[in-house]
Amino acid sequence: MANSHQLKRVDFIFRNENDWERVLSNTIKKKPQELINELISSELKGRGGAGFPTGLKWKLTSEAPDGQKYVICNADEGEPGTFKDREILSKVPYKVLTAMAVCGYVAGANQGYIYLRGEYKFLKPELEKAIDEFEYYCKEINLDFKITIFMGSGAYICGEETALMESMEGKRGEPRNKPPFPSQAGYLGKPTVINNVETLVHTFTIFKYGSKKFYDLGVQYSRGTKLFSVSGDTPKPGIYELELGMSLQDFVYEFGDGDTKAVQVGGASGFLVPRKKFKDAAIGFKGKLTGISLPTGGSMMLFNSSRSMFNVLDNYLEFFREESCGQCTPCRVGCQQLLLGIKAVKRGDKPASYLEKLLRLTETMQYTAKCGLGQSVANSFSSIVENFREEMIY
Amino acid sequence: MSKKINLTINGFPVEIETGKTILEAAEKQGIKIPTLCYHKDLCVAGNCRVCVVEVAGQKRLSAACATPCEEGMEILTNSLKVRNSRKHIIELLLTEHNADCTKCYRNGNCELQTLASEYKIMTQDFIELVPLKKYSIDAYSPSIMKDDSKCIRCQRCVRTCAELQGVNALTVAHKGDEMKITTFFEKHMRDVVCTNCGQCVNHCPTGALVEKNYIEEVWEAIADPKKHVVVQTAPAVRVGLGEELGLQAGSRVTGQMVAALKRLGFDSVLDTDFTADLTIMEEGTELLTRLKKALVDKDDSVELPMATSCSPGWIKYIEHMYPEHLGNLSTCKSPQQMFGALVKTYYAKARNLEPDSIVSVSIMPCTAKKFEAFRPEMYDSGYRDVDYVLTTRELAILIKQAGLDFDKLQPVKFDRLMGESSGAAVIFGATGGVMEAALRTAYEIVTGREVPFENLNITPVRGMEGIREATIKIEDPVEDWAFLDGVELKCAVAHGLINAKTVMDEVKSGKADYHFIEFMACPGGCLGGGGQPIPTNPEIRQKRAEAIYAEDGALSIRKSHENPEVLKLYKDFLKKPLGEVSHHLLHTKYTKRERY
Ligand code: SF4
Ligand code: SF4
Ligand code: SF4
Ligand code: FES
């Protein structure tokens, strides 16, 4: 199969590389354009959810008119059951810092921020030490780049990049209208590159080993590796770096408990894949692959046959109802309606056909919600309701 | 130099300047796209999502209010996908909304109701959420009622309070299904920095924020044969009332308004303009006295610049935000309160009435005036000086309830004694008007000549610019004011509290060298007041302003110090400006308040 391959564990991200100084000083000897090309040819896509090509992101900001610009590392990891950012920041922080500085060099920014999830406050002292050491080195090689940690407020929605910037500006964490995009007007209205933790670490790999090494991993549209947080009914929960493009069948073979009935790929905003579709589903970004989902946050949650899919959906909807920022109508009210709606069907207060009305509602949410959160509720809702309709009713 | 771009809307070509939104392009084509969170006075929020439209090639719909036009866009404003989504959104809003329209104060003038009616939402398939919510009503403020069950969370009020007023009394709290509009620490509006300006009321699309109304109280007073009910009407009401009764913005309805008030049964229909002229006499004299103390006596305890004090929203604002500057305020009461104090003294005596048989009602473009009438200082007549304050909107309700065909009423004049108005008093209703009125009088007192502007129109202080400045050089004064020879009187005008803030920050830092500043809490001055007809927007306010200046131009008396009834008042009762009686009845003190 050209479009998927055997599951393969890889070790790039956590590999301890004690030569970050050399990587940094060598990398910034190259021209920004060269580095952008390197990233573009690696086909690295953002690991935060939307899968936007990272090289293009950097390029757009570098092309924005000169003046104050910013680099932000999004470490507001809020997806239930995932903690890969935490692992990266505690095990290989210097890779993140190096990547941020390179990004600053490319984009023309001398100030970086790490937006750290409120619950990760305990990481701050160590991280600050690392930043001190890092900034000291930057000074030595005459690289003007500073990094500041910004503590998040604990709202899931602040992981959305424009809500995050609002929150950094001291405002309520509500997603902004786009356009303008952060590359034109981001933090404080200045051009800003915002990448999540894992994406930055991949750029380190690319700058150190070259884009080919990265490109050779994975499949078309989904190059390289990705961290996955494996949880649920599995004998080996944990964080794994896997080559993109594996089939879900293989994944379940490796991580399942022998009785897996479905896997939720990509967390609450991802899709549920039922057993009968495992072999057609490959894990990567949208593209030619069949039955694919975006690996938001890299969460992979396995469910065995003892699980009620109604409860699973109920939990997700509960989560969305609370974590919606509440500003836009389709998301705020839509989530309440979906949650109450499935309960009403289950109780028999609404006929089974009400599920179709709710499915149409999720379509409206997908078309009209202001940000990715509200737009993606449809994913888990429709994949669960369509595949496990019986469980919703009886 | 702005470039044009071309696109199509529903298949028809449109040419528009770059930077315009889809909503603006559609408006240009005469296509109305429904909106709720959008308001011409405010920044774009893009949160209600009813304005979504389809852009060819995109799966997701775009919010027309928040999406800039791009070259070659093909936009559909009424495709099936758009309609279905829009209908869903309206239905969703209605499930959270206590759609008890027949019992709602905004029944008949509610943007949500209009939309629901346009889209013929006849059934309720989704689950009713209202019974599951713990909505509350805040009715403790004397000015404003807030009913969360009517709120659609468009945040227009929050943006109004922040962007137009810089007060930030209202904020968004919580997230998800619990997200709501509230105040700091969720206190009652009465207990926060709210200035009662009512701009949030004027900008709310629904019945979630409304004025506290005193309609029944006034009907009862009118019906009570033992009561003598006096009514005063503020300058801006006469250029707003018509809108509420089906006329075009900018209609001047002074005479019909008086006729209507008489038919409603008020015993005496008088004019706040009369005390606006009186304010000029008192405030003008106060300014000149302060200048004299500062320039001749070199008394450095004199607080300059002197700030006007007729806008109660502004008064409460400065009390909270710049309590150290209360000494800069003129001690003059607002015209409403001067009127109230005189009604139960001067008027009662002249008409041979017991003051406690008088019910004093005022019709104001303002919700802050309701609060003002409640202030403990406002009992100088020995009674409550003003008993009930109604907004322009409430007056329209009285007129409708009484079944008056407003259009057919023959214009009538105000009653005498306190019913005469100069043009200077009328322009109190527009931003810059108090300044202009004061200059017309003060300049003439000082120099013995009229202000050196054609037709007495001091155009530099007119207009809608947020902050305006003017300098008038005093030359060749009469003997008493010789010390002012050559002095350049520096004046500034600010309207909308966000602009007041800018000016006050300069005053605070000592950068401002003005002598006299006019502050009005509301955009456009009283004509854009929180009690004026809804909707409001820059064009409407412009029309009302034009009407005000036309009214001024049409009056034979244009200067406050020539108002014969004011002169008579001084002769028979007050004796002289800033005299003892004035001091007792017409001047007041201010209260320091906290910010939180
Ligand atoms: S989709 Fe949800 S989270 Fe996003 S802006 Fe709308 S209410 Fe907020
Ligand atoms: S009345 Fe004025 S100050 Fe008070 S909340 Fe409304 S807009 Fe803000
Ligand atoms: S109170 Fe009115 S203006 Fe404010 S959010 Fe609610 S509906 Fe909108
Ligand atoms: S009017 Fe455009 S989103 Fe509300």
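Modeller: In this predicted model, K32(B) and E118(B) are joined through their side chains by a salt bridge, with 3.4 Å from N to O. The term stands for a side-chain nitrogen of Lys or Arg within 4 Å of a carboxyl oxygen of Asp or Glu. Local features need pLDDT of at least 70 and side-chain atom pairs pLDDT 80 or more, while totals for chains, interfaces and linings use all residues. Residues are numbered from 1 along each chain as its sequence is written, chains are lettered from A and ligands numbered from 1 in the order in which they are written, and side-chain values use heavy atoms, without hydrogens and water.

Now the surroundings. Chain B has a domain 1 (4-78) and a domain 2 (92-211), with bounds from an automatic or database domain assignment. Their C-alpha centres are 26 Å apart. Domain 1 of chain B puts 14 residues into the contact and domain 2 of chain B puts in 17, where contact means heavy atoms within 4.5 Å.

How much area do the two domains of chain B bury between them? The figure is about 1200 Å², and 59% of it is on carbon and sulfur atoms. Buried area is the accessible area (1.4 Å probe) that two parts lose on being put together, summed over both.

Across this interface between the domains of chain B, the rule finds one salt bridge. There are also eight residue pairs in polar contact between domain 1 and domain 2 of chain B, both residues at pLDDT 80 or more. A polar contact is a pair of N or O atoms within 3.5 Å; within protein, one must be able to donate a hydrogen and the other to accept it, and residues adjacent in sequence count only if both atoms are side-chain atoms. On the side of domain 1 of chain B that touches domain 2 of chain B, nine residues are nonpolar, three polar and two charged. Here Ala, Val, Leu, Ile, Met, Phe, Trp, Tyr, Cys and Pro count as nonpolar, Asp, Glu, Lys and Arg as charged, and the others, Gly among them, as polar.

Chain B also meets chain A. In that interface, 36 residues of chain A are in contact with 37 residues of chain B. The two chains bury about 3000 Å² between them, with 56% on carbon and sulfur atoms. The count of salt bridges between chain A and chain B is five. R332(A) makes a salt bridge with E96(B), where the closest N and O atoms are 3.0 Å apart.
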